[in-house]
Each structure stands twice: as C-alpha cells, then as structure tokens.
Amino acid sequence: MFEIHCPYCEEKKPEIEFAYAGEAHIVRETKADDLSDQEWAEFLFYRDNKRDDHHERWWHQHGCNMFFNAVRNTQTDKFVTTYKMGLNRPKINPSTNNIKAVQNGK
Amino acid sequence: MLFNQDIEIGAALQSGDLSVKLMEEKTRYSLRIKPNELAAFKKASGLKLPAKIGKSTRTTSHTYLCLGPDEWMVITTPENSNELRVKLEKTAAEFIYSYTDVSHRNVGFVLSGKQAASAINIGCPLDLSLDAFPIGKAARTVFENAPIMILRTKTAEFQLECWRSFAPYICGFFDRYETDISAYISE
Amino acid sequence: MENDKNMPYRKSGKGAVIGKKAIGFSFDGTDYQGLEGDTLASALMANGVHLMGRSFKYHRPRGVVGAGSEEPNALVTFDRGTGRVTPNVRATVLEIFEGFVARSQNNWPSLKTDIGAFNNTFSMFFPAGFYNKTFMWPKSFWDKVYEPFIRNMAGLGSAPTEADADVYASVYGHCETLIIGAGPAGIAAALTAVKTGERIILVDENPVFGGSLLSAPNDEIDGIKASDWLDKSVKILENAKNVTLMTRTTAIGYYHDNFIGLAERITDHIPNLKLGVSREKLHRIRAGKVIIAQGAIERPLVFNGNDRPGVMLASAAQTFLNRYGVAVGNTAVLFTSHDSGYAAAFDLADSNVRISLIVDARNEVPKDIQTEAAKRGIEIISAASISKTYGKNRITGVEVYVPSTGEKRKVNCEALLMCGGWTPSLHLWSHSKSSIRWDDNIAAYIPDQPNENAMCAGACNGDFGLRAALQGGNKAAGGRKSYKVHERDFGTGTTFVNLPNYIDASKQKAFVDFQNDATEKDINLAVREGFSSIEHVKRYTTIGMATDQGKTSNLNAMQIASKAIKKTVQQVGLTTFRPPYTPTTYGTIAGYRSGDLFEVERKTPMDGWAQKRGAVYEPVGVWRRARYFPKVGEDMDTAVARECKATRDSLGIFDATTLGKIEVVGPDAAKFMNLMYTNPWVKLGVGRCRYGLMLGEDGYIYDDGVVGRLAENRFHVTTTTGGAPRVFRHMEDYLQTEFSHLDVWLTSTTEQWAVIALNGPNARKLIEPFIEGIDLSPENFPHMAVREGKICGIETRLFRVSFSGELGFEINVPSHYGRAVWEALFEAGKQYDITPYGTEAMHVLRAEKGFIIVGQDTDGTVTPGDAGMVWAVSKKKKDFVGRRSLKRPDLVASGRKQLVGLMTEDPNVVLEEGAQIVADPNQAIPMDMIGHVTSSYWSESLGHSIAMALVMGGFDKEGENIYIPMQGKTHKAKIVKPFFYDPKGERLNVV
C-alpha cells in the first residue's frame, strides 16, 4: 500500500484513502460541437499508456475529498510528485527520482 | 417522537482499557466556504473555524473541524441548534457559501482507555502515536471498509464519527478486539 | 532431563530452548514424549522417528531436511479438533504441547506402507511435464479419469472440510525501524536502534530470539558466552519502552513504501485453548526503515538418493543438537563442499555422535579443519562423492565414490549431513523490488540496490559468520561498534553442479526440489525440450512452486539449468520471489474481516421494524433491503402480488431510505445541475421536482433520480441506491476540474434522511392529520413538488412523487426519527389496510408504469434515445455532460437495441430476466440474438405477465412477435410500448 502525499492535506496518507482517477491533463473540450467525430473519440477514449513518468489524477476520497494530479513512474511504480489540480505539469529533475538506480539494478 | 440511533455496544466495552460510548444526539453542519473568505466569515459568524486541514477547535459547547481546503464541520448539542442555524442563515446573505444539516447522517462514539488508539488502529491505517496525531488533530479516513472521521480529544480519548449505517460494522470490530485484549491480558 | 527410554536421542546438557517438563503428544496415532520447547520434528527425532511424510509425486518416504521454516519435506496435518485442522504445516516449526495431535499426509493406508509409492517404482514414467503430456487427450477424460487420478496420487494434505472454528485478528502498526529476524544481526541492529528513542519493532518467526546464536554454544561475544550475551541483550530490549518484541511472527510480505505484513501465531502453541480468542494476527506495519536480517539457508547437495529420511542439512543437525538437544542419529556421515559443514560434524562428535566419515567434494580441505578432525579421530575423504544411499524408511548407509580411483565404499550411518554452501535469504528484499547481484565468491545472489529505505544485515547480505552478523546489524542501524568475537571460522566453499557418479544419469534420483519431487534429470529434460527461460523451466519442472517456494532448491536449480542451457547463472536469471514468505492461513489474511465483519451490511433506520415483521431481505449494493413481507404460508409470488394489489387499491408503505441523496448548494447550483443532467434546471421553480437523467461523457445513461429544488440555491438530488457513491464522485470530479468556476458545493446526505414512501389512493388521507405547515391540497401541492414542514412534529422534506403510478409521497425525516415516524404512520394506516411492501413489489409497480431501473434496464451502453427517454434531454442547452457523444456515429446508427415492452402469448409465462431474444426460433443454432429481457414480472393488476427488453430496432418492431428460448420451451411474445398500466397517468390525480 502506497503512502501518497496529498498536496491539499500536505501530508502523506495511506493509499486506501485514495482512488485512482485516470490520466491527468486531459481538458474537456468546451466547443465540442466543433470537433469531428474522430477528434471527439480521441478526447473520450484515447489514453497514453507510457512506460515512463505518467501524469495521472487521484482523488483523496476518504480524506479532504480533493482531486489532484500526480506523476507516477509506471516502470518503477513510484510516485515522483503530486500537485494541485490546475497547475501545469511539473518539471521533473531526473536526479531527484531514483528511476535510473532501479534500472541499473535489474 | 423517539430519537433512536439504534446502535448496541457490547457490555464489555463500557469500561476498562477500552471504553466505547455512543454519543447522544448532536447537531452537525457541514460548511463549505471559499478559503479566501474564511477570515471575514469567521468574524461575521463568530464560528471558530480552524484554517488548516486536520485541525480542530473546541469550546465548551462546539467542536469545529477542518476536513478539506474549503470544508468544515460544526458539531454542537441540540440546544444550540436553532441559534446555529439562524447564524448560518444570516451569514448566508453576506457570503457565498454552503451549509448543510448532517446531524443525523453521522453517529459519534467516544473511545477512551489505554487501548483507544490501538482499537482504532485495528482498522484504520493512520499513525495514531501522539507525535503523529496529537490532541486536537482530526482526519477523515477509513476503518476497513467504512469511511470514518476521528478527532483526538485527549491522550487516551478519541471521538470517532461515521455514517450511521456503518456503525454496527465498526462496533463489531471493537467487540472482537475487546475479547482479544482481555484474553491476552488475563493469560 | 534425560529419559533414555522415551527419548533415546535426547542429549543431556544440550538444547538452548528446551525445558525440563515432559510433554505428551501424538503423531499418526502413536503417543510419544517430548520436552517443553520441542518442535514436532525435534521431539520425533528425540524418539528416533525420522519418517514424517510421503513425497508429493512419487510418494517416497521423507524426513526432515531443515530445522526451520525452510523445511520442504516434513509436512504434517495439525489437528486441534473439529474445524481446527491445518494441513501442510512444517513439523520443524510446529511447537508441541500436552495433548498435541498431528498426523502424516499423502499416504494410504499408512505412512510406512504407502500404496502410492508404486509411483516411485515407475518413476521413469513420471518425468517433468508428464502430466501435461499424458493427460491431454481425449478431452472428455479430464473430469472423470485424469483429474481424480492426479488428485488422488499427487498432493499434500487434505483441505479441511469443516468451517474454521477459529477467529483471527488484524491491526495496523507504525514504527521508525522494523528489524526482521532476531539472530545476531537483528539483535545487534536493535541494540543500536533502541538508543534513538524511536519506535523499534523486532520480529522473529521462532518462539525464541537468537537465531544462529542458539546453535553456537561455544562462541563468545565481547568476552562472554554467546548465550549470556543473548540473554543480556534481550533483557535490554525488553526493558526499553520504545521497542516492541514479537516472537512467532513471520514477515510474510514487503510492499510499497515500507509496508510490511507480519503474521503472528498467537495460540497454536497453547494447550486447552478457549474459542473466540484470535488464533493468528496480521500486523500491517508501516516502517520508516527496514533492516532485514533474515539470515541464509544452507543449500543441499544434489546427489543420487539425497532424499532418504535421515539425509538433512548439516546446519539443521547442528540446530537440532544445540537448540533442541537432539542427536539426529548415533552415527552420521557428513557430505560437504563448504567448510561450514564441518561445524555440525564437530559439534555432533563432541556430543558423542560417531562421525563415521566426512566426504568432501573438494580436492583440498583446509589444514586447520583437517587438524580438528584428526583431533576427534574423524576420517576425511576429499575429492569424493556419494553415489547412492541405503535404507528404506530411514537411511542406513551411504556408498562413497572416489572418481579418481574408481573406489567405492559402503559406510553405515543413521544420518547423512549435507552442506552445499549457503543461500542468502533475499525473499523480502526482492518483494520490495530491490535489486540483487550475483556474487561469484559465494555462488549466490546478494542484495544490491535498495528500492525502499531498507538494508540487509548479516548472512542475508552475504556476510557470514558471527562477527560479520553483529557488525552488519550494528552498522545497518547506524552504529559504529566493533565486536570482539570468538567463533569458529565460517570458511569458504565450492559449488558442484554435477557431483561425480559412476551410475548412469538416467538411473539416478538426485532431488533438487524435495517438495515437488523434481530432480536434476527433470531440469535437464526441460532444457533439452527447449525451455531456455528459467521462468519456463520452473513452470515445466514445477521447481520452486511448492509451498516452500524453493527455499532450499532454487539456487541449485538455477545452476543446473545454467549449465544445461550453457549460459552463466546471471544470464539465466532468477525467478521472482513472491509473498507470502511462508504459507499463511486465509484466516490471517482476512484478520477480523470474516463472518459479520467480512463486508459492511448497511441497514436503514426502519430495518429493525421490517425484521420484526418477518421481512425477507435482498442485498442492494452493500445495503440490505426488505424484498417482501410474507404472511404465514405465502411464497414470494403470493406476497408480492398481495403487496402490489394493496398498494394500488388503498395504501402501501415502503422504505426508500437507501436512495442516494446529494445536497447541491450555492449560487451556481442550477447552472451546475444543467451541466450534470440532461434536463433543464434553471427555470425549475422552488418547491418543484423534476426527474433527472445523468449521462457519462460517453453519452450512455449513468444514473437517474428525482431532484427537488428547495431554494434558488439549494437542490435535493436523489440517486439510485447502488449509484450514490459514483454519482457523488462523478459530480465532484466535474465540479473540481471542469466546472471549478462555479460557486456550488456538494454534500452527501443519503444517511441524513430516512425516507418513507407512501403510495396508493389513500396516501394523502393518511398523512393529512400528521402534517404541519404544508398545504396538501392538489392545487397547492401538485405531483412533482416538494415542501418543507413537519410530520408527527418532526421536520420533514415532503416530496409528492410516485414511482408506482399511484398518488405518492416520499417523507424525508432525520434518520434517527425514521422508525418512530414510520411506526406512527403504520399504526394510523391500519384504517386503510396499510401494507408494507418490499423492493420486489416496488419493481413490479414501476415496471407496470415502464419506469426504468438504471443498471437493470440499462447496462452502460444505453442512450436516452435507446431507452425511449429523448423527452428528458434538453434540446436547448448548449452543454451538458454526454451531449456531444449523443451525436457519435455509433449512437445514432440504426439497429441499436431499444427498450420495449413484451407481452407473452401465454399470459402466465414470466420470462427469465436476462433471457436472449431471437426473431426466428427455427433457425439453426447458434441463433441470431437480437436482444434480451431486462425486467420481467407477474402483474397482479393486469392479470398478465409483463416484461421489458432491449431489442435491436425495437421501436420499429412494435406489434411484431419475437421469441425467447428458455429452458425446455421457446416462448412467443409481442413487442409493445413499455407502459402497461394507466398509460395516461390518471391515477396520480386522486383527490
């Protein structure tokens, strides 16, 4: 069970309080009528499935009730950072996460 | 009309290292205020709302808990219910905010005794040591499959609230735990 | 303490954990005597009993190999009486007590004469992959012939047939440092960590702390005997307030962010136990730092006949002697390729066990060891091997083979000790996804880079010997202490993948995995057949897949495979370690969460009333709801028909509390509702209600419910019972992310309100006398309106709505008054023959009206158009969730499944819900299925069954016949509009 840092509570809380909420930074198209069916389908259904840092949303369901964003590496399955909803993608300094170390180890 | 919380607590949980008591009738309001209006709202309403998630303020009659960045809960006795409601309605004219009566949504328990923190920890994954969870700290969290809210009121005393239909489930764990601690101690 | 008669192999003055008290126990029906502190294995061997089980595949007789939790062979069934039988427990960890009962398994008719052992005689027919290859064809033989045969012949103990009579516990815990293993490394780490004042947990799977210290009586630490140092250290830790010491506790799994599962065995060793006290406890620990001091497991040597009872690890023999005071035989032979093996032989020799011979596979034996052996008069043959072993149910001798001369020699013995080097225990380290690397010096993997805040100390880190363990433990906890240690040098060794033998390889039985009966031959066969990945070799040979997960076998297997594949061990790789570290009961994993506590069962405030009334319940989500209220002699159909009729004729009362409720409050509440629901909300008047339809962004129906507007800025939203949590999430998600500019807030109020639904022509008459502050007249309180006032003196939100088609009210009162108001209304309702009805009648009443149930008549792929509910979708709104998707090509295509009514040709036939529908019942199978029945009931009001169904192009098929093939008969039905009863809705207008 992860410990996830909630950017609103400013505390690490047990994963069991949270719910995963899909890929982050997918903005709902307000002028949806202008989109072609293909474009709308891409917004609706197409998601990245990267083997890398993944921007994703989590919901602190049994805590402060806030949705927030996280960067989690899908290869190491480690949270790199979490940040409040509405903020831009954070710049990840490769030296601050231990992805490389684990790759070398295996 | 009969006020009936319809919850039974095992006889063994009345005293000793673990006592679990059902709280009597309470008035509870969920308040939602824009964080940037909190200070002005507090001044206008006189409600002692703490500013940070996980903090609480207690007066002799009221308990105020900050549960989210724009979410508070006020708990008081039914005698103060009308006064509180009037205050909330009045302030509503001046502020953009929400208040909702959740008095009967929750039931509250007071857990006390040496085993109070351990009893909560049988189903709740939070660190309840005094350092990590000091007196006055509150949190919405989980107890196994039940969402709960806890507030530490003393070193060995907690208030635990849950939605009413989850209460028998949670009390069932306390009953089992009591059987275990009394057996191990008497061993 | 010695009792030669009862325990001929007990050694007086030995046995660090053994007390004086005699303990009577039973194994396979024979009574024996052991001593306090004994395991079943040590007590049996004290009595000269080595045969403890039969092997998995060949039913070969087996004794103990190890002395601890790594034991692959000696699996027994532990029997504490009805409902308390545990199969496959290792005799080496099972503590005896007065009255203890265990029995052997996988044998018939008895352990000593096992008919299944013919598998052994014909073992050439049972190579790796035998079952896969042989039992493939014909398919029809699987169930009746092959499967039972395999089940009978191969296997471990029998699964218990009774429900578990025991209960279990589970807790969460936290500490700054968790130390796993209380051998010298773990204790040294704890002694250092304790000084920080932080919370320390030290766990060990054994009943007593000490680990290897308990097997090394001659060692000294800082000038005192190791045993005294141990006692002193444990006392310091016991007295420290910040240390939690846990014995009989196994760290079974290591998960994300230093989350560790510890399984504590609380009562298995306690005689005369009372029921109701937890047998085992799962500790779910979050640790700041983890120090793993699991130690290492000695590696068996792989040679012909290495599985005979009495052949065991040298360190196990040493442990049985020093920890339990038991000699594994009066005469023994040591077969080793590592210096450390000699320690066991010398300890046994010093306790008057005759070491007949030491066979060292290496060419050279260190001088000092030779001297020590000579001192004890023990002969060493180097560069030699053991080519076979003798004996049936117990080893009686070995054949030594010297390849350089071809010399063969038979030596008698009661035990054969083997030592093939050591394997650091990397299980937990690997669970944490920390990396490992190959160390050529010890021919084993050792820890490399941590993936968590964790360290390994002592033998599990590849640092062998007492000094290394102490220093390693101290250092892991941040210490810099230097220990003065007197110990026998641990030494070095050589790995032999193939031990020389003159016997043809095909005729040897050199076991690698004892528990799964897999041999060296099997691995070579697997490689010959093209399995070159170690994960495939593992699955083909089943090596490492038994309950011991290959603790003693994996590394041998890997090295044999690497030689066969002709790649280095590193290239071959290591199979994955998976939790749990040792077999763990389901009870422990469930903890307190069994029986009533397995899952929440939510009950409404009126549930107790229904129970008294004899209601039959059904689960709806995690709620339990009254399904119907049978009178004496009534079955469900009769009761439901009566409940429906009473409601339509006069008055029914129904508990609708479980409906989800969300209060939507704020100046932008209407705007928000406009975005979340398909319907328009801005112009809905205060005090009015509207049926709301909610879509997912994909355009499919997500939920529905009646919404009341209590004030300009306040909506009381209801959701389906099961949908409440996801609707709340769905709304919060949009509110916080896409519509965050709106000033509106959501509060779940499901449990704030108890909801009493009254339906029937007399509903208004009943409530009238109880209501204060609400004008109930039809003009001032029309259908689809909501008012606030009082009922029975209690504040209420009173909805005039109907899910039955009758005049209806839904009375919301604060939950803890729900039962009182219900009882008052019920009492007064007797004048109208008020009838309580359950969810089943509710379903019938709504289906008669064609009202849908989301999740029953819809399945996540139904649009408002498919459900015939275009009327609920605003044409004017520029945006709402799901709007754009309603124009997706697939959603406007023809031939979609549409919700229609069905009338069966035979009015008495009630179709099965979920039954498939076909257009032509005479077509060949497989038929073209054009839809399915979603709802189906007997309608007492119509005297005819009714059904709703999703049918391809159903709207255009009105009046056509379709067919529903059901068990035994195909039924014919006509497609109709799904409004069966009072289609004009006139019954709502009762004055």
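I took helices (H or I, at least four residues) and strands (E, at least two) as DSSP runs, numbered from the N terminus. The model is predicted, and I kept local features only at pLDDT of at least 70 and side-chain atom pairs only at pLDDT 80 or more, while totals for chains, interfaces and linings use all residues. Residues are numbered from 1 along each chain as its sequence is written, and chains are lettered from A and ligands numbered from 1 in the order in which they are written.

**Entry: A947(C)**

I looked up A947(C) and found it in strand 49 (residues 944-952) of chain C. Buried or exposed? A947(C) is buried, because 29 other C-beta atoms lie within 10 Å; the cut-offs I used, with C-beta atoms placed from the backbone, are 20 or more such neighbours within 10 Å for buried, 12 or fewer for exposed, and partly exposed in between. Leaving out residues up to four places away in sequence, A947(C) touches L902(C), L911(C), V933(C), S935(C) and S936(C), where contact is C-beta atoms, placed from the backbone, within 7 Å. I also checked A510(C), 437 residues from A947(C) along the chain, and the two C-alpha atoms are separated by 68 Å.

**Entry: nonpolar cores**

I then listed nonpolar cores, that is, sets of buried Ala, Val, Leu, Ile, Met, Phe, Trp, Tyr and Cys residues joined through C-beta atoms within 7 Å. The largest has 172 residues, and those touching the most other members are A189(C), A190(C), A317(C), A332(C), L334(C), L416(C) and L417(C). Not counting residues up to four places away in sequence, L334(C) touches A314(C), G341(C), A344(C), A345(C), I355(C), I358(C), V359(C) and L417(C). Another core, of 107 residues, lies apart from the largest one and includes Y628(C), I662(C), A724(C) and I756(C).

**Entry: helices 12 and 13 of chain C**

The axes of helix 12 (residues 520-528) and helix 13 (residues 534-541) of chain C come within 10 Å and cross at roughly 125 degrees; axes are lines fitted to C-alpha atoms, for helices over the stretch in contact, and angles run from 0 to 180 degrees between N-to-C directions. Helix 12 of chain C and helix 13 of chain C are therefore oblique to each other, given that angles under 35 degrees count as roughly parallel, over 145 as roughly antiparallel, 65 to 115 as roughly perpendicular and the rest as oblique. From helix 12 of chain C, D522(C), I523(C), A526(C) and V527(C) meet V537(C), Y540(C) and T541(C) of helix 13 of chain C. Within helix 13 of chain C I find I534(C), V537(C), K538(C), Y540(C) and T541(C) buried, and their cover includes strand 31 (518-519), helix 12, helix 14 (554-565) and helix 15 (569-572) of chain C. T542(C) follows helix 13 of chain C, and its phi is positive, near 65 degrees.

**Entry: helices 5 and 11 of chain C**

Helix 5 (residues 184-193) and helix 11 (residues 466-476) of chain C pack at an angle of about 35 degrees, with their axes 7 Å apart. Among the residues making this contact are A188(C) and A189(C) of helix 5 of chain C and A469(C) and G473(C) of helix 11 of chain C.

**Entry: contacts between chains**

Chain C gives 40 residues and chain B 36 residues to their contact. On the side of chain C that touches chain B, strand 8 of chain C supplies the largest share, 7 residues. The contact of chain A with chain C takes 19 residues from chain A and 20 residues from chain C. Helix 1 (37-45) and helix 2 (99-105) of chain A are the elements that give two or more residues to the side of chain A that touches chain C.

Terms used: Contact = placed C-beta atoms within 7 Å.
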